[in-house]
Amino acid sequence: MKRVKRGKGFRLVLLGIFPLLISFCLWTGEVWADNSLCFGCHQEESLKKQDARGKGISLFVSEAEFTKSAHGKLSCSDCHTHIRDDRHSEGGKPVDKSVNCALCHKEAEKEYLQGLHSKMIMKGMERAAYCFECHGKHNIFPSKNPRSKTHVSNIEKTCNRCHSDIEFVKHHALGAAIPGEEFRKSVHGKSGEVTCINCHGSHNLRSLIDPKSSIFRSNIPQTCGSCHSDITKQFVESVHGVMAGRGRSDAPTCTTCHGIHGIKAKVDPESPVNERRIAMTTCPQCHAAERISKEYRLTTTPVKSYYDSFHGLSYLGGDTFSANCASCHGVHDIRPSSDPNSLIHKDNLQKTCGNCHPGASENFAKGKMHAVASIKGEEFGEKVVGWVRVIYIILIVSVIGGMVFFNFMDWLRKTIERKP
Amino acid sequence: MVKKYLRMTLNERFQHLNLFINFTILVITGFALKYPEAFWVSPIKDVPMGMTFRGFLHRLCGVAVVTLGGYHLLYLAFAERGRGIVRDMIPKWKDAKDLWETLKNNLFINRPAKEIRMGRFNFREKFEYLGLIWGTIVMTVTGFILWFKTEWLIYFPMWAYDVARAVHFYEAILATLTIIVWHFYSVLLNPDVYPMNWAWITGEMTEHEMKEEHGLELEKTKAETKGRLVEFGEAAAAGGGKVYPIPLEGQGKSPKSVRRLYSLIQNLNESIKNWKGL
C-alpha cells in the first residue's frame, strides 16, 4: 500500500510540473516535435516504394542527419502536410506529394516564382530545379554552415550537378558550355569567394534573354560592377560602354574581352586580356572583323597597319615592351579620338606617346597614326612611303634580276667552255 | 710548284671577317623583326626576352659595322696598302668595257671568247665594294634615325621617320640579295674558284685565279718580282722554300707575325693536301 500512496503523490507532482513544462516550451517558442513515429518506419534503410513507372524510390530518412539539420526541430508533418495513401493513417486531403516550403519561406518563394527555374517547371520540364534540388531534402543546413549545399564553397558543385552534365546541357539546349570546368579554373573559382549566384542570382535567377536578368547583355557591366565598381564606372563612359548601354548587340561588354565562366587573371597567358593576346585576338576579334567594321564604318586598317608597324612586328615576335592596342587606346576607358578625354585625342596624344618615349615631341602626334604605305594614300606621308616602296622594288628587281642574269650566263659559258 | 699571290693581308682578312660576322647577325636579327612568324625566327621568339635581345643585338652589330667602317676609312687614308686600294678601286672606263666584253663573251657573241685582262680589282669587285659603301651609308643613316626617333622627330615630321623605316627595310633586302647573288657567285659558285676562293682565309690566290680575274695585276706582279724569288723557310712545303715576295709588305716593319700565321695556314693546307693516310 505504501507503494500506491507514493505513486499517487508522484503523479500529483508530475501533474503539477507538466503545465509548467508546456508553458516553458511555449515561452521559448520551441516545441520539441516527436517524430519517433515516422522514424519508426523511415529509419529502415531498405524502405522503398514504387512510383507510377515502377521505379524504386528510397523512403529512408536518416534521423541523425535530420535532427542536426536546420529543420531538425520541426515535426515531419510540418512539411509533409498531406500524406495519404494505403500505408499511412486515415485522414488528410488527397495526396499532395510536394512539400510546400512556402508555408514558411514566403519571400524566397516570391523570388523563386519570378526566376527561370520555376518557369521551366511550369513549362513541364522534368529536370528543372525545385527547392530541394539546390537546398536538399532532410539534410538542409543554413547557408553559413559549411555542410550546406548552399554554402559558398558548395554552390558551384550544387549548380553543376545539372549544369555541367553533358546530357542535361544538350537536352536543354544550353549550347556545349560546361561552365563547371571553366569556372573552377577561373580567377573567380579559385578565389573561393565568388560563386555562380554572385552573377546569376539565386532564387530569382533569370534567363539570358530576360531584360531584368543580371546576365542580360546590357546589365553585365552592372553585375560585374557589384564587385568591380570603379572599373564599371570607367567602362560605362567609354565608347564600348555607351554602345553596350544602348543595347547594341555587337558592342562589347565585360565578357566579350574577359571571357565568361573562365575569366582568368591578366597575367595568365591563357587569359584573353593577357598582354600577349590583346593585340592578337581580343581587339581584332571585332576590329579586324568584316561584319562589325562594315556596320560601324570602322576600318580594319588599324589592325593591319599595327601588324606592319615596329610595335606590331615586335609584338608578334613576343616582345612585351612594345606597345599593344591598350598601350595607346586605354583599357576600360577607351574613347573615340574626338573625345577630349580620350588618350588618343590630338591634344593628349603627345602625352600618350611620351609614356614610353620620354621627351616625345609634338611631331609624334602629328599625321596619321595607322598609316598604310600606298601611292594612292590619303596622306602625304603615306604617298611618299608608297613611292619609296615602288622605286625600291623596281630597283631591287632590276639590279638583282640583272645580277642573276649576268651570273647565270657567266656560269653557263664557263661550264660549257670547260673542257674535261 | 703552286704559285700563290697575296690577296688580303691579315688585317684585311680580319676586317672582312668582322664584316662577315656582323653583317650576318644584322641580316638575321633584322629580318627576324620583319618576319616574326617565319620558322627560323623561333629560336629568337622562344627565348624569354628574345625579341628585346634581338633589338639590342641588332644595334650592337650596327655600331660594330659603323666602327669598322670608320676604321676602314682610316686604313684607306693612312696605310700604304689602304691608299693602294683606293687607287686601284676607282672606277674607270675600262671597267665598263670589261663588263660589256664579259657580257658579250657570256652570250656567245664573241666567238671565241675574248680574253679579258683585268686589274687588281675587276669590275665585279669595284661594283660590289662601291655598293657596299653606299649600302653602309644608307643603312647607317636610316638606322640611326630609327634608333634615335625621339630626337629625329623633334626636327622632322613623322612621315620622314616612316620613309627611313621603308628605306632601311628595302635597302636591307637589296644588300642581302646582292651578297647572295653577286658576292656568293663571285667567290663561291664561280667555276673558276669553286668551291671557294680561299683568299678570305689564307689571304692568297692561286695563279689560275689571278690569271682569270686579275690578268693585268698578275703581269704587273710578275714583272716586278721577276727573278726575285726569295728564300722563305717557313713556307717550305708550299713552294720548295721559295715564294714570290709579298708586294708592299716586304718593306713593312713587322710583317713577321703576319707571315707566321700566314705560313702556318699555308703549311696546314699543304699537309692536308699531301696527306696520304696512315
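**Ground rules.** I note that this is a predicted model, in which local features need pLDDT of at least 70 and side-chain atom pairs count only at pLDDT 80 or more, whereas totals for chains, interfaces and linings use all residues. Residues are numbered from 1 along each chain as its sequence is written, while chains are lettered from A and ligands numbered from 1 in the order in which they are written.

**Chain A.** I looked up the secondary structure and found 24 helices and two strands in chain A, with helices (H or I, at least four residues) and strands (E, at least two) taken as DSSP runs numbered from the N terminus. The domain assignment, automatic or from a database, gives domain 1 (31-97), domain 2 (99-215) and domain 3 (370-395) of chain A. I also noted that the C-alpha centres of domain 2 and domain 3 of chain A lie 60 Å apart. Among contacts in chain A between residues at least 6 apart in sequence, 39% join residues at least 24 apart, a contact being a pair whose C-beta atoms, placed from the backbone, lie within 7 Å.

**Chain A against chain B.** I then turned to the interface, to which chain A gives 40 residues and chain B gives 37. On the chain B side, H1, H2 (42-46), H3 (50-78), H5 (93-106), H7 (149-155) and H8 (158-189) each supply at least two residues, and the largest share, 14 residues, comes from H8(B). By class, I read 27 nonpolar, five polar and five charged residues on that side of chain B; here Ala, Val, Leu, Ile, Met, Phe, Trp, Tyr, Cys and Pro count as nonpolar, Asp, Glu, Lys and Arg as charged, and the others, Gly among them, as polar.

**H24(A) and H5(B).** I find that helix H24 (residues 380-417) of chain A packs on H5(B) at an angle of about 55 degrees, with the axes 8 Å apart; axes are lines fitted to C-alpha atoms, for helices over the stretch in contact, and angles run from 0 to 180 degrees between N-to-C directions. The two helices are therefore oblique to each other, since angles under 35 degrees count as roughly parallel, over 145 as roughly antiparallel, 65 to 115 as roughly perpendicular and the rest as oblique. In this contact A:Phe406, A:Met409, A:Asp410 and A:Arg413 meet B:Leu103, B:Asn105 and B:Asn106, which I sort into three nonpolar, two polar and two charged residues.

**Within chain B.** I recorded the division of chain B into domain 1 (8-92 + 121-189), domain 2 (93-119) and domain 3 (202-274). Eight residues of domain 1 are in contact with eight residues of domain 3 of chain B, and on the domain 1 side helix H1 (10-34) and helix H4 (80-89) each supply at least two residues. The largest share of that side, three residues, comes from H4(B).

My last entry concerns helix H6 (residues 123-147) of chain B, which packs on H8(B) at about 155 degrees with the axes 9 Å apart, and that angle makes H6(B) roughly antiparallel to H8(B). Among the residues in this contact are B:Gly131, B:Gly135 and B:Val138 in H6(B), and B:Ala164, B:Ala175 and B:Trp182 in H8(B). The contact divides into nine nonpolar, eight polar and four charged residues.

Methods: Contact = placed C-beta atoms within 7 Å.
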